[in-house]
Amino acid sequence: MTPAIAPPLLAIALEDVEKRYPNGTLANSGVSFTVAAGEIHALVGENGAGKSTVMKMLYGLERPTAGILRIHGRPVDFRHPGDAIAAGVGLVAQHLNLVPSLTVAENVVLGHEPRRAGGRLDRAAAAARVRALVEQSGLAVDPAATVASLPVGVRQRVEILKVLHRGARTLLLDEPTAVLTPPETATLFATLRQLAAAGRTILVITHKLDEVKALAGGVTVLCQGRVTGSARMAELDEGALSHLMVGGDLPPPPPRRTARTRPAPRVVARGLGYVDDDGAIRLRDVGFDVAPGEILGIAGVEGNGQDVLARLLSGAAIPGAGDARLDGRVFTGLSPRAVRAQGVAVVTEDRLHDGAAPTLSILDNLLATRYAHPPLSQRGLIDRGTARRWAQAVIDGFGVRAAGPHQPMGALSGGNMQKLILAREIADAPAFLVASQPTRGVDIAAASALHSRLAALRDQGAAILLISADLDELLALSDRIAVLYRGRIVARFAAGAVDAQTLGLHMTGLGPSVDGGDHDAVA
Ligand code: ADP
């Protein structure tokens, strides 16, 4: 007799799920896919595809408007996260929600604390529980450490411990590697594999093909709220996977700069320093050169001074020390408008706050920096017809998915918004472009388009400063890379002479200092 093969237990099942938000947006439609117990499943798709909405429904933050969600076979109707937690579903917060002044153990048990008679927190019991959890899960964390003292990667482990402490058998993670260094990412992946091997189920949103390959047993692709593919990784070869993820072949990465000799720098920054209102030194003695036709990458874990550097170079903040010059003229310490007039363009990290006005149309957002430019503008007056045709040409040329120039900017996905901001910033062929996290949260097809545009601008002779926490991006595009750590440049490399692991070490302050302060040492 042949034994019947039992179907794998399904930890998560979505059956024909629809989610229409109160404003009418259809975020999910006819969404069906399953995740087996003990599987790591990747949920992929471009910005706005409906991935986070799936996560929110599984965690009780949103309710489907039609269809069925099942957890371990049982239909569920989560009305709030408490229901999801009771059913063994946990969400590992993307924006880490820990209390910095408390210890790891206190954070892990917060809201579910062991108490002594009389209601006081039983610290000893809490610490013991968390130690046991650390041992079982293999998540290396010191339960007695104060969270404020821990790097981001370790804080994320605390978030995972917190979810496990609440009894989660199914873990939901939304882009968990966005803020991690390569060694931290490797550690996270090892942890997730271990949790899956112990029978836990993991659903993870990612934009990265490599991560899907490295981690997932199954993958589901969403596009405009619908499932366009769902497969077991074992059934896919690499070409089929990238086809599934981007609906076609990705163009090859842009070629590197080919010039053999490096021309004299166009941008020279020396001794840049900045002290916060509360006295914290955010940037100290930062200097660099960028030649025309060159991309200088700035690597660093978020919060090590990158944001301040971009603000100083855009005119949004005034340096406390030092300056930066373009073709010999100082442009720091001037107003943003004066900085721009000198030929400096900036793509900011926080596109919703600094880069775009969401309630205004695409057209008005594109025009925002161009009121003084003929032929769109004659003596300060915009020719709306010419402007509209120009905006339509930008939309077409950059492959922006939009109804037309009059659509409000806020209705676009992050990737499309970012394409328009880059288009606007490079339209005047700036001599120097500062691009800060230009593809953060942007899907791979849009990121690849943005990379080609940056490379084209470089080939036209612009000097580019590329500030990014994404090491793949830096390694693919930069000619040279400097690492910012605690407000200083701690290492400089010629691209091609360094790998992600080495950069990761320097980004966490563990590398030997290789910055002699000689800005052209590794030209
Ligand atoms: P993804 O996570 O794939 O980027 P989301 O699930 O966040 O996609 O969004 C899917 C669609 O639903 C998008 O068009 C988005 O603008 C819209 N959306 C998300 N949240 C809301 C909300 N609370 N109200 C209205 N529309 C929303």
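Predicted model: local features only at pLDDT ≥ 70, side-chain atom pairs only at ≥ 80, totals over all residues.
The accessible surface of this protein chain comes to about 23200 Å², and 53% of that surface belongs to carbon and sulfur atoms, where accessible areas come from the Shrake-Rupley method with a 1.4 Å probe and, for residues, only the protein chains shown count as cover. Residues are numbered from 1 along each chain as its sequence is written, and side-chain values use heavy atoms, with hydrogens and water left out.

The chain as a whole has 17 helices and 22 strands; these are DSSP runs numbered from the N terminus, H or I of at least four residues for helices and E of at least two for strands. Of its 523 residues, 49% count as buried, and here buried means under 20% relative accessible area, exposed over 50%, and partly exposed in between, with a 1.4 Å probe and protein chains only.

Let me turn to serine 29, which lies in strand 2, residues 26-36, and is buried with a relative accessible area of 12%. What does serine 29 touch, leaving aside its neighbours within four places in sequence? It is in contact with Val17, Glu18, Gly225 and Arg226, contact meaning heavy atoms within 4.5 Å. With arginine 226 there is also a polar contact between the two side chains, at 3.2 Å; such a contact is a pair of N or O atoms within 3.5 Å, where, within protein, one must be able to donate a hydrogen and the other to accept it, and residues adjacent in sequence count only if both atoms are side-chain atoms.

Most residues other than glycine have a negative phi. Glutamine 224 counts as exposed at 55% relative accessibility, whereas glutamine 437 is buried at 4%.

Finally, in helix 17, residues 500-507, the residues Leu503, Gly504, His506 and Met507 are buried. What covers the buried residues of helix 17 includes helix 6 (182-197) and strand 13 (294-299). Just after helix 17, glycine 509 takes a positive phi of about 80 degrees.
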